[in-house]
Amino acid sequence: MLNQSAIANGLRELGLKNGDIVLLHSSLISLGKVNGGPAAVVDAFLDVIGAEGTLLVPVFGALGILTDEVKNRPDAVISPCPVGTLAAIGKDAEELCRDHWKAETAHGNDTPYTRLAEKGGFICLLGVDQDRNTTLHSVEALLELPYMNTATRTFKTPDGEEVTKSWKFYPGPHRDFIGLDAMLTPAMTRGRIGNAEVRLINAQKMYDIAMNIGNLDPAFVLCDNPACADCVKQRAAIFADRIENESFRLAVSSRLAGRYIDEMIENCQKNGIKYIELDYIQGKAWSKYSSEKLARWINDLNDANIAVSAVRCMSVPENAQQLIDLAVAIGVGKLILPLNDSYSAAQAAADAGLSVEYFNTNQCASRAAAKLNRHRTAASNDYGFVFNPANFVLAGEMPFLQSWKLGRFIKTARQLDLVDMLWNGTPAALAGGNAEVKELISIVRCHNFDGFMTLGGGGSYPGTLTEAVANFTELLDTM
């Protein structure tokens, strides 16, 4: 049976000493039988750190009997914040906990978590793993990771005033903190007290290591399990935030997003896509459906925070006006037409208040550019160009080295279709064919292109939307 003295000796062997500040996460049962119970464990910590030290524990939930033991002691100071709350005993308890509620985040700057590190303090994991290391949430808050939430509470301040306050960058669901354990080894001393595995972590060193990792990879505490809905959602938030920081906007063709609207919504949400271009729905062209049905589907998309970037016609029907009236009726502002004999349809669409853009079909660049310029000149209308690199491959051209430059499309391009193709017409993953997609993405980014890039636009992608997003992300990472 362990006693207070044995526990204190074990803590000293780990490196804890007089005057230290330590934040304890614990499991009493992990120690085995302890003579004196929880009080003996807490007293062992207080004996080691002495009157000059400070012991803190998290008390924002049911976190074990040792936290209750600290919280209920008469000399305990409770940090005045209804989220991320800590209890502290010792010399610096008041200073560490003061005005916790006033901080912008519950775990970040100017909270007990960062103050502890600034004072050279430690984190002790007694019989628990990194999953219980609340200070890692502090790292997330300092990094201002885009998947984090906002917590709002109504509570009374230490002065008795009832206030309602929100804290940004508040932790949400599942994290893979356990996966960080090996990376934190330089900041950590490990040992055993009784049956318990114990980690004593230098808080500032832990911050330094974790912040460096997080700056390189904002998903560093998320798991890779595709069945983990929490981490899939949070990774989507990271990707969406990354795209928002680009000059361009990213859309996906409805054909690539899914067969049914519900499937499209689910796939867009789990991949962080906020725009969809309607081409095919349930295997049929969007224009084959009634305005009532289309309006209902578009409303469903909008409710899911997914906007329709455009509707695309792969060919112009004989009754083009009916098509234009349908686009106007459902409130879509942009119509994408093939650059063939579409001039009269484009003019009618423009007269109806629609924005018109043309995509190349099987023309070479010089012919496509000439036809586009004729249409623009004849109509005195700034028709935009949708550059489809796969179709230039079908025309026998190298899309970047030849088509982009010969057609001087930098002046007219409003959209880049993210599709690739082999010379023999086989669809390929991005940068896996002959469409020079990586070079095209790179050059338009260099010009701060503010139009759309559309995954699967005007063609087929040999995989799922998730695979296409991963493919696109890999390209961005290597530019």
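Start by selecting Phe-387 and Phe-409 in this predicted model, and colour them so that they stand out; both of these residues are buried. The centres of their two rings are 5.7 Å apart and the planes meet at 70°, so the pair is edge-to-face, an arrangement that requires an angle over 60 degrees. If you now show the secondary structure, you will find Phe-387 in strand E17, which covers residues 384-387, while Phe-409 sits in the loop between helix H16 (399-406) and strand E18 (413-418), so the contact ties together parts that are 22 residues apart in sequence.

From here, widen the view to the whole structure, where a search finds 12 aromatic pairs. Another of them can be seen by selecting Tyr-275 and Phe-452, whose ring centres are 5.0 Å apart and whose planes stand at 80°, so that this pair, too, is edge-to-face. Tyr-275 belongs to strand E11 (residues 275-278) and Phe-452 to strand E21 (residues 452-455), so the pair ties together parts that are 177 residues apart in sequence. Which of the two classes, buried or partly exposed, does Tyr-275 fall into? With a relative accessibility of 26%, Tyr-275 counts as partly exposed, whereas Phe-452, at 5%, counts as buried.

Next, look for charged side chains placed over rings. Select Arg-312 together with Phe-359, and you will see that Arg-312 lies over the face of Phe-359, at 5.0 Å from the ring centre. Then move to Lys-405 and Phe-400, where Lys-405 lies over the face of the ring, at 4.9 Å from its centre.

The last stop concerns the cysteines. A disulfide is a covalent bond between the sulfur atoms of two cysteines, and a search of the whole structure finds zero disulfides.

How values were computed. Residues numbered from 1 in each chain as written. Heavy atoms only, no water. Disulfide = S-S within 2.5 Å. Phe/Tyr/Trp six-rings, centres within 6.5 Å; stacked < 30°, edge-to-face > 60°. Helix = DSSP H or I, 4+ residues; strand = E, 2+ residues; numbered from the N terminus. Buried < 20%, exposed > 50% of the residue type's maximum accessible area, 1.4 Å probe, protein only. Lys NZ or Arg CZ within 6 Å of the ring centre and 35° of its normal.
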